[in-house]
Amino acid sequence: MFYREAGDFKTTYRDDGQTFPIRLDRWGYYVILAAAFLVVPIYIDAYWANAVLVPFLIYAIAALGLNVLTGYAGQVSLGTGGFMAVGAYAVYKLMTSFPEVSIVIHILLAGGITAAVGVLFGLPSLRIKGFYLAVATLAAQFFLVWLFNKVPWFYNYSASGQITAPTRRVFGYAVTGPTTSAPAKYLICLCFLFVLAWAVRNLTRGTLGRKWMAIRDMDIAAEIIGVNPLTAKLSAFAVSSFLIGIAGALLFAVYLGAADANEAFGINKSFLVLFMIIIGGLGSIFGSFAGAAFLVLLPVLLKNILVGSFGWPTNLAAHIELMIVGALIVFFLIVEPHGLARLWQLTKEKLRLWPFPH
Amino acid sequence: MKLKFTTLAAGAFMAAAPAMADLVVPNLSYRTGPYGANGTQYADGFNDYFTLLNERDGGIGGETIRVPECETAYNTEKGVECYEATKGGGALVYNPLSTGITYQLIPKAAADQIPLYTPGYGRTSAKNGAVFEWVFNAPANYWDGASVAVKYLLDENGGDLSGKKIALVYHNSAYGKEPIRTLEELAEKHGFTFSALPIDPPGQEQKSQWLQTRRDRPDYVLMWGWGVMNQTAIQEAANIRFPMENFIGTYWSGSEVDVQPVGAAANGYKALTFHGVGMDYPIYDDMKQYVIDPGKASQGGQFVGSVLYSRGMYAAVVIAEAIAKAQELAGTSQITPAQLRDGFEALEISAERLEELGLPDFGPAITMSCENHGGSGMARVQQWDATERKWTLITDFTEPDQDVLGPLIAEDSEAYAKEAGIEPRC
């Protein structure tokens, strides 16, 4: 009923292999894209941008990045916060050193720098696996945050160790700094997310993604059939860190405006992004979005319902909110260990058959 | 079903935007997390003073004051969300009680033209009103505190600190790093050796720093801590038998919650404060009559009179005085944030005015101007008495060393002005 597939024939391999093979899905995707690019920017206000949509878009990029590494290539990482910090400090140094260069280039360069750092910390993955690798990346997390606290050059010798994003413009519109309008913030993040998600989706469908998945599923077998673990693992680290670095750069420059390595990029951030991909679904692009939405939007929604609508005291609401989010995480993991992406897939399958199941 | 959920969600988000009315002073508080024990007392004091004004005087200038609360958990991302959620409702001034959040709000508040009032925290160089038009940090800031602490130690040592070793145990964040530059200058001026020991937030783990303290044997230890870090530090200091009277905390490391868990071992611990403590002020008669007895106190009034409660109340007093001044200047009781900014800049709270408010000798006299957004910077030292379980003030209000602080503030604010492209006013 929902999916009317009658007459939707695929006559070429190209048609068959596209991202959204079902016509209705494809239309839905175009409608969502059109709404996100054309409708939302007209209606968005500062609250929706800063509290809801911008953090969602940025965390979606970070979750995509970690999903490449953990979901597709099977390398567990607890260093996300540290890599985001690399992106943030890289973009800060670039912004303040070369103010005349476009911020978009700086953000991409920050991603590139993070990719290099990620490859460096990914080297141990050639020797160690699983929990041991998680601990090695945890070391990256602590080392990087310590480094940005310790070396004053990274924060331009400011008295408090804080980094503050100056105003930078794209096509004449401020996208960083205090005067940034809500649509500008939203659109710059949306553009990055759109391009990156599109690129990652196509990477994971191609040779590189298949190599990653082969390594994830059984590294020895992958090696025997000719997948080079060195290039596969390190490319996963590079692509993943590139995305995470861009997310860190956007988080600092566009969303927060000022940041402190310990507070903004601590171990909590690593766990947050890891929870996003676990809840959303490992090895799924949709899962990265769903997980980011779940963990960014749900607390805000709960807070508004409990405090705004029910008028509860803020501390009670904050505690209940933690409990609800925690309980929902446990619930989802028990009911659907493969995350929201799998849940969505099941729903879709049911909807394709509905109302005449077998 | 799906549509219903979306409408419900949208409705819930919309409900967050409050209706326009009254004078709105949002309270970005934190009552949860590792800093919740401290934040909750401050928030109570802040709420209660405005409740008192509403109940006793019918608000300020006939306008009721509304204090919507928003939980930040001392987290900058939640702080931004709270700021955005409340600013639409006609918020007049923000007091986020977090240096991290303040750093974020300084450029935002200037762009939105809403004043920030950050007594005893935030960016120290905001004292320079020529650069920081929208930020006020009277009566005292971090550098004032560092200087007053060193002055107190000078007094203790007959005016000579040369050859002494002073260590700073600090919260490894923007907040904890603030005093380092000043203490380094002061070390050069007075000839003491200065060392800084960072403690990573939230600070439950500081064994190694205290081991190092035991090895280095500093004569004095200063602390810039907050939340659980304070009690842990005092406990660790007690464990290495560091003499408590040589251990001085900043404003934020000297409340009941910090010393009580350590029990008798915390006896003699000192801390800075920029206001009085305890219940011996006439204002508490009114507070009891209008707020506590009718059951209108925030959280049932369980912390009335504590150090942080007093500080929250003091912040509310200054904001209320600034609102009254702004109403007088603007000639209207329904003021805008910009008019409140003018009120802050023209604010004068004399000793007599404090007495009228029922708070004699509670804080230093405050005079603000276009150049000076930080008042006199005077602070005093208090000491914990573990048997009586109360703080006693042991010095009078002391003036900080402005010869050292003045140039530092000028330097830091100029750097900010250059970075942010601000043309100094005044």
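Which residues of chain A does the UniProt annotation "transmembrane region" cover? In the unreviewed UniProt entry, the annotation falls on residues 27–44, 50–69, 101–123, 130–148, 183–200, 236–259, 271–296 and 316–335 of chain A. The model examined here is predicted.

Two of these spans were examined for length and secondary structure. Residues 101–123 of chain A are 87% helix and 0% strand. The end C-alpha atoms of that span lie 32 Å apart. Residues 316–335 of chain A are 100% helix, again with 0% strand. Here the end C-alpha atoms are separated by 28 Å.

Chain A as a whole contains 15 helices and 4 strands. The C-alpha trace of chain A spans about 70 × 55 × 45 Å along its principal axes. A compact globule of 358 residues would have a radius of gyration near 21 Å, and the 21 Å of chain A agrees with this. Of the 358 residues, 49% count as buried. Among chain A contacts between residues at least 6 apart in sequence, 75% join residues at least 24 apart.

Chain A also touches chain B. The contact takes 31 residues from chain A and 37 residues from chain B. On the chain B side, at least two residues each come from helix H1 (2–15), strand S4 (69–71), helix H3 (76–87), helix H4 (99–112), helix H6 (174–177) and helix H15 (402–420). H4(B) supplies the largest share of this side, 7 residues. By class, the side of chain B that touches chain A has 16 nonpolar, 12 charged and 9 polar residues.

Definitions and conventions: Residues numbered from 1 in each chain as written. Chains lettered and ligands numbered in written order. Predicted model: local features only at pLDDT ≥ 70, side-chain atom pairs only at ≥ 80, totals over all residues. UniProt positions renumbered as here; feature names shortened; annotations may be inferred. Contact = placed C-beta atoms within 7 Å. Nonpolar A, V, L, I, M, F, W, Y, C, P; charged D, E, K, R; others polar. Rg over C-alpha atoms; globule rule 2.2 N^0.38 Å. Buried ≥ 20, exposed ≤ 12 C-beta atoms within 10 Å, placed from the backbone.
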